Each structure stands twice: as structure tokens, then as C-alpha cells.
Amino acid sequence: MNGISTGRPRIDVVDALRGFAVLAIVLVHNLEHFILLAGVAVFILQMLFCRWWLSRHRQGPLEYVWHKWTWIGTGR
């Protein structure tokens with residue numbers, strides 16, 4: 001007998017898939033916490049950058065581009 005094989009290939013495959021499913025659930029559970037923390041960190045960094053940027057400029061960089069594109073050809 002080789003390892004934990006039951007001798008029935010179909011049952012062995014189902015057992016292996018069940019094991020992979022459990023590993024996937026554990027991995028996703030652990031990633032949920034990391035993704036939440038990463039999202040909060042990115043949000044805080046964006047807020048800090050926005051405060052810094054707007055303290056030095058009248059509008060955001062994309063607002064400037066949007067404004068220029070809006071008035072193309074009008075002479076403004």
C-alpha cells in the first residue's frame with residue numbers, strides 16, 4: 001500500500017480535492033485579514049497624500065487634466 005491510499009482511485013481523488021478545498025478555505029480566511037489591513041493602510045495613505053497635495057495646489061492632478069480637456073477649443 002502506498003501512503004494513505006484506500007485502493008479506490010475515485011475515493012482517493014475526492015479525498016485529495018476535499019483536502020485542497022480545506023487548504024483554500026484556510027488560505028482565503030487568512031488573506032481576508034491581510035486584505036482588510038492593506039485596504040485600511042491604503043485609505044490612510046491616500047487621505048494623508050490628499051491633505052498634503054491640496055495644501056499646495058488648488059485642485060487635484062486629474063481635476064486639472066479634466067478641466068483642460070473640458071475646455072479644449074474654446075479659448076479658455
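Trainee: How many helices and strands does the secondary structure of the protein come to?
Mentor: In this predicted model, the protein has 2 helices and 0 strands. Helix α1 covers residues 9–56.

Trainee: And how do I read burial here: what share of the 76 residues is buried?
Mentor: The idea is to look at relative accessible area, where buried means under 20%. In this protein, buried residues make up 1% of the 76 residues. The accessible surface comes to about 7400 Å², and carbon and sulfur atoms account for 72% of that area.

Trainee: Which residues form a nonpolar patch on the surface?
Mentor: Patch members need over 30% relative accessible area, and nonpolar side chains are joined within 5 Å. Here the patch consists of Leu36, Val40, Phe43, Ile44, Leu45, Met47 and Leu48, which together have about 720 Å² of accessible area. Take Val40, which sits in helix α1: its relative accessible area is 42%, so Val40 is partly exposed.

Trainee: Now the rings, please. How many aromatic pairs are there?
Mentor: Two rings pair if their centres lie within 6.5 Å. That rule gives 3 aromatic pairs. In one of them, Phe49 and Trp53 have ring centres 6.0 Å apart and planes at 40 degrees, so this pair is tilted.

Trainee: Where do Phe49 and Trp53 lie relative to each other in helix α1?
Mentor: About one helical turn separates them, because Phe49 and Trp53 are 4 residues apart in helix α1. Phe49, Trp52 and Trp53 form one aromatic cluster.

Trainee: How accessible is Phe49?
Mentor: Phe49 has 46% relative accessibility, so this residue counts as partly exposed.

How values were computed:
Residues numbered from 1 in each chain as written. Predicted model: local features only at pLDDT ≥ 70, side-chain atom pairs only at ≥ 80, totals over all residues. Heavy atoms only, no water. Patch = residues over 30% accessible without salt bridge, like charges linked within 9 Å, V, L, I, M, F, W, Y side chains within 5 Å. Areas by Shrake-Rupley, 256 points an atom, 1.4 Å probe, with all protein chains shown as cover. Salt bridge = Lys/Arg side-chain N within 4 Å of Asp/Glu carboxyl O. Buried < 20%, exposed > 50% of the residue type's maximum accessible area, 1.4 Å probe, protein only. Phe/Tyr/Trp six-rings, centres within 6.5 Å; stacked < 30°, edge-to-face > 60°.
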